[in-house]
Amino acid sequence: MKNNIKVLQTEELKVMKIIKEICEKENIRYFMIGGTLLGAIRHSGFIPWDDDVDLAMPRKDYERFLEVSNKYLPSNIFVQNFRTDDKYRYYITRVLNKNILVEEKRFIGVDTPQAYASVDIFPIDGSPNIKFFRNIHYFRVMIRRFLMSLCYRDTIDKERKRSKMENLLLNILIKIPFERIISPNKIKESLDKLLKKYSMDNSLYSGTIMGAYRIREMVPTVMFGNPKLYKFEDDTFYGPELVDDYLKHMYGNYMKLPPKEQQKTHYTNITIVEQ
């Protein structure tokens with residue numbers, strides 16, 4: 001089975017349900033975000049070509065989930081982040097299903113550990129309430145993100161749209177072996193400390209700045225509001241209260257399908273492990 005996206009989505013949905021059950025038992029807040037939330041509203045489930053799942057938790061709930069989740073997880077499901085695995089390339093947490101092997105397209109040809117079907121979980125953090133200091137905070141976060149990317153320069157997305165200055169700087173810096181100068185995990189620890197400084201409960205703007213859309217994912221905190229249930233496949237999961245405002249902010253006219261060339265998947269070579 002090479003690229004059976006339906007199989008992958010089915011297995012990811014199972015992991016979503018396990019996470020939901022843990023959150024209900026432990027009174028942990030969570031939200032569908034990004035393409036998962038968009039799929040819930042536009043398709044009542046997965047976007048047909050989407051093969052990953054994005055959930056987010058306010059920082060206190062995120063830390064609580066990391067603390068308690070292992071006692072509920074079946075043997076084939078495990079939690080991975082930079083705290084549990086020093087070879088892990090991301091800041092965010094993933095809940096993985098060892099029964100489904102996948103290959104992340106941007107890692108093809110790169111020597112990385114085995115990848116599995118997973119659900120991504122992002123912490124929701126706040127930011128300073130004064131715009132000047134908020135922008136400084138964003139800058140400090142983005143500098144650390146950039147340094148972390150340079151430590152993993154073999155998987156930098158060179159096709160991503162950037163300004164001429166950004167591309168020039170990237171082409172120069174990518175030649176420097178930053179991973180020999182500074183540990184990427186030290187950068188993640190520094191990011192962790194910085195992000196934890198501001199609680200969404202006390203912030204006008206909060207969000208998942210470590211997501212793919214970076215600063216755009218920092219939205220008025222009121223958009224999250226009280227979590228609201230939305231249909232997703234054969235179940236319901238929580239999402240932001242002001243879902244229309246959130247999705248318009250993220251995607252503009254979110255009910256319009258993107259052109260075919262933008263309907264991209266993340267994974268390939270999907271394999272079911274024999275039980």
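In this structure, the side chains of Asp235 and Lys20 meet in a salt bridge, at 2.8 Å from N to O, where a salt bridge is a side-chain nitrogen of Lys or Arg within 4 Å of a carboxyl oxygen of Asp or Glu. The pair links distant parts of the chain, with Asp235 in strand β9 and Lys20 in helix α1, 215 residues apart; helices (H or I, at least four residues) and strands (E, at least two) are DSSP runs, numbered from the N terminus. The model is predicted, so that local features need pLDDT of at least 70 and side-chain atom pairs count only at pLDDT 80 or more, while totals for chains, interfaces and linings use all residues. Residues are numbered from 1 along each chain as its sequence is written, and side-chain values use heavy atoms, with hydrogens and water left out.

**Salt bridges**

- Lys20 counts as buried because its relative accessibility is 12%; buried means under 20% relative accessible area, exposed over 50%, and partly exposed in between (1.4 Å probe, protein chains only).
- The structure holds 17 salt bridges, and one of them joins the side chains of Lys196 and Glu63 at 3.8 Å, N to O.
- Lys196 lies in the loop between α7 (184–195) and β6 (205–207) and Glu63 lies in helix α3 (residues 59–68), so this pair ties together parts that are 133 residues apart in sequence.
- Asp120 forms a salt bridge with Arg94, the closest N and O atoms being 2.6 Å apart, and this pair links strand β5 (residues 115–124), which holds Asp120, with strand β4 (residues 93–104), which holds Arg94.
- Both Asp120 and Arg94 are buried.
- Through shared partners, salt bridges join Arg59, Glu63, Arg83, Asp125, Asp192 and Lys196 into one network.

- Strand β8 (residues 228–232) and strand β9 (residues 235–239) pair in the antiparallel sense over five bridges, two strands being paired if DSSP finds at least two bridges between them.
- Lys231 has Thr236 in β9 as its bridge partner.
- Two residues lie between β8 and β9 in this hairpin, and Glu233 in the turn has a positive phi of about 55°.

**The nonpolar core**

- The largest nonpolar core has 62 residues, and those with the most contacts inside it are Ile19, Met57, Phe65 and Met210; such a core is a set of buried Ala, Val, Leu, Ile, Met, Phe, Trp, Tyr and Cys residues joined through side-chain atoms within 4.5 Å.
- Helix α1 (residues 5–26) gives the most to this core, with six residues.
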